Every structure is written in C-alpha cells, then in structure tokens.
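Here are a few notes to read alongside the model.

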Amino acid sequence: MNPFIEALLYYYDLTAVTVEQQGNIYRIETEHGAFALKQSSMDPVQAEECIHAIRKLSRLNYPSFVPIIPTKFGEYSLFVSGKSYYLMPWIETQDYQGRQSIEEIMADSIGTIHRMTVKSQSASKDVIDQSCERLLSRWEMHSLELSRFADEAEVKAYLSPFELSFLTHFKMFEQLADEATTYLEKWYKTTIDKGSYRSVLTHGRLSRHHLLHPTNGQPLLINFERASLDTPARDLATLCRHGFPHSLWDENEVLRWFARYEQHLPLVTAEKYLVSAYLLFPEPIYYTMMDYRKGGNELELTQKLEKRIYALRKVQRFVPKIVPQEEEEASNQS
C-alpha cells in the first residue's frame, strides 16, 4: 500500500483496501465505499475560492456537481510539497449516449448556476479600467509573440509545414486581434455608460473533461479549481473554446448553446460584446505556437494549428449573430 496515500487518508479516518492511480486522480476502495483523491496544483488562495464555490452551491441546493469531502478536522484541502489534495465520492460513469451535445448540457448547467448567483455590481471606472488594461496587456503580449514568430519564420530559407501555415494566415490573426479589441472597447463604453455590470459564480474551466455522466443519474460538474466571481462571458467563452474542437460545429449548433444558457440568464448587450471579444482574439493560435516552440510532433501541431484556424474563421462569421444589428444600434443610441 502507498504510505503517502495512507498518510493522507488518516485525515479522513479512512483505510484503503485498494488504490488505483488514473492520471492525477487516485481511485481508493475502502470499507466505507469508493473515493476519488485528486492531486491538484491549486495554491491556498485558489483552494479557498474553490471551497467557497462548493459551499455556495451546497447552500443553494444545486444538485448537479460532485461535492468535496472535508477532513475530520474540517479542512477541504491538504497541502503537501507544493501540491494540494482533496477527496470526493467516486462516481461510476458511462459514455455519453444522449442526443443533445455535451456543450448544450453544460450550457444548461452553468446557466442555472449563473442565474442562482447573479448580482449587479457598481461599475467603478477605476475597477473597469484596471480590468480592461489587464486583458489588453495580456493580448498585446500575445500579439507581440505572434509577430515575433512570424518575423523569425519569414527570414528562413526553408519553412516547416507549421511555419508555412502560420505565415499564410498571419494577417487573419492580426485582423482577429483588432476585431477583439473593438468589441472590448464596446464592452467598456457600454459598461461605463450603464454604471453597473453583473457578476456570477463562474466555473472557470468548462470542458467535456469536467462533466461526468453517472451510470445512474444526471450529469455532474467537477473541477471548480478555477472558480471565481466573474462575468458570465468568461464561462461562455471557455465553453465555446473547449467545445469547438469536438465536432464539426455550425452556427446553429453554437446558437443552441447560447439559447439553452439564456433560458436561465439572458445576456445583456455588454456581456455579448465581451464574449465576442474573448472568442475573436487568436489566443488558441498563441498557445499552439508556444507548444511548437517547445518542440513536439510536427504533424500533430500543424494539424492542431489548422483546426484552430478553421474554427476561428467560423467564429469570425458567427460573432455578428451574438450581437444582432438592432442591439448594436440601440446601444449606440443609449
């Protein structure tokens, strides 16, 4: 038996019968049932936000998530050698066989959470300025790295397939960054003019990996390790970004995700501007380029780049449908 796992289980008054490691999760069979022990990179601040989110969902009687089990001393996370560990009940799962897309189910789940936790906040100009400047600063840094990579590739006598594809579409990346900045400016102006914005409890890492499909019962959200009070636009953009690679989606499919979400919490114009900005900025290209710099399989990285370019082209056509023209005009007149 693993002495380290045994030491952690002491805090839960549990004794392992068998331990099976699956990535960063340990499946632990005990006399009291099966449990999942998760190893995480959360720091104490993130762990506190995560536990705050879990407690809030419990207080609100939200049923569709996997709870975290406290230790016998009332702690929800254990920190050892720069890692954190937390315990959950083990959920037996099955492959999803439903007719709705997984993204539509997640849109429904997160829409419910956002509706239950939404609050109107006063839009202090200083706070909005800082938020906008932080995002623009990150975007500018990423745009600079994209430009640097393009400059380095252009002077080479022979281009790799990845570099050739990157350079072929580089002007598009610049255009997307400009469009994203334009929508961010619209969000800023609309929010300042209105004097308020909405915050919700966000999941922070919405993806198919974080939705379980129990053998018996409804889907359950897991991994609230990046949960925080934030704009609804962040969760929606993350849902879309992570959902795009899983299917040959079309505009109607993504509109169904938004419609399912808005059954619970209709988006206001400023939030539509912000989710458009998040979706348009070529951040997926930046991260693919950084992976390429680190080395790796040329074919796999080139295929990933091509898929992300294809998705961004579709995003460019889709975004105007998030903010219809009449809303643009009404916002400009207000």
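1. Which helix supplies the largest share of the lining of the largest pocket? In this predicted model, that share comes from α11, with ten residues. At least two lining residues each also come from α4 (125-154), α7 (232-243), α9 (269-280) and α10 (283-293).

2. The space in that largest pocket amounts to about 990 Å³. It is lined by 35 residues, and those closest to its centre are Thr238, Arg241, His242, Pro284 and Arg308.

3. Next, have a look at helix α8, which runs over residues 251-262. Its twelve residues reach 16 Å from the first C-alpha to the last, close to the 16 Å expected at 1.5 Å a residue. Buried along α8 are Glu253, Val254, Trp257, Phe258, Arg260 and Tyr261. Viewed down the axis of α8, these buried residues fall within an arc of 160 degrees, so they line one face of the helix. Their cover includes α3 (102-117), α7, α9 and α11.

4. Two backbone angles are worth a glance. Asp13, in the loop between α1 (3-10) and β1 (16-22), has phi near 55 degrees, a positive value in a residue other than glycine. Asp13 counts as exposed, at 52% relative accessibility.

5. Asn223 is not a glycine either, yet its phi is positive, at about 60 degrees. Asn223 sits in the loop between β9 (220-221) and β10 (228-230). Is Asn223 buried or exposed? With a relative accessible area of 9%, Asn223 is buried.

Definitions and conventions
Residues numbered from 1 in each chain as written. Predicted model: local features only at pLDDT ≥ 70, side-chain atom pairs only at ≥ 80, totals over all residues. Heavy atoms only, no water. 1 Å grid on protein atoms, 1.4 Å probe; cavity = no way out; pocket = protein on both sides within 12 Å on 5 of 7 lines; lining within 4 Å. Points joined across faces, edges and corners; volume = space filled by probe spheres on them. Helix = DSSP H or I, 4+ residues; strand = E, 2+ residues; numbered from the N terminus. Expected span 1.5 Å × (residues − 1). Buried < 20%, exposed > 50% of the residue type's maximum accessible area, 1.4 Å probe, protein only. Arc of directions from axis to C-beta. Contact = heavy atoms within 4.5 Å.
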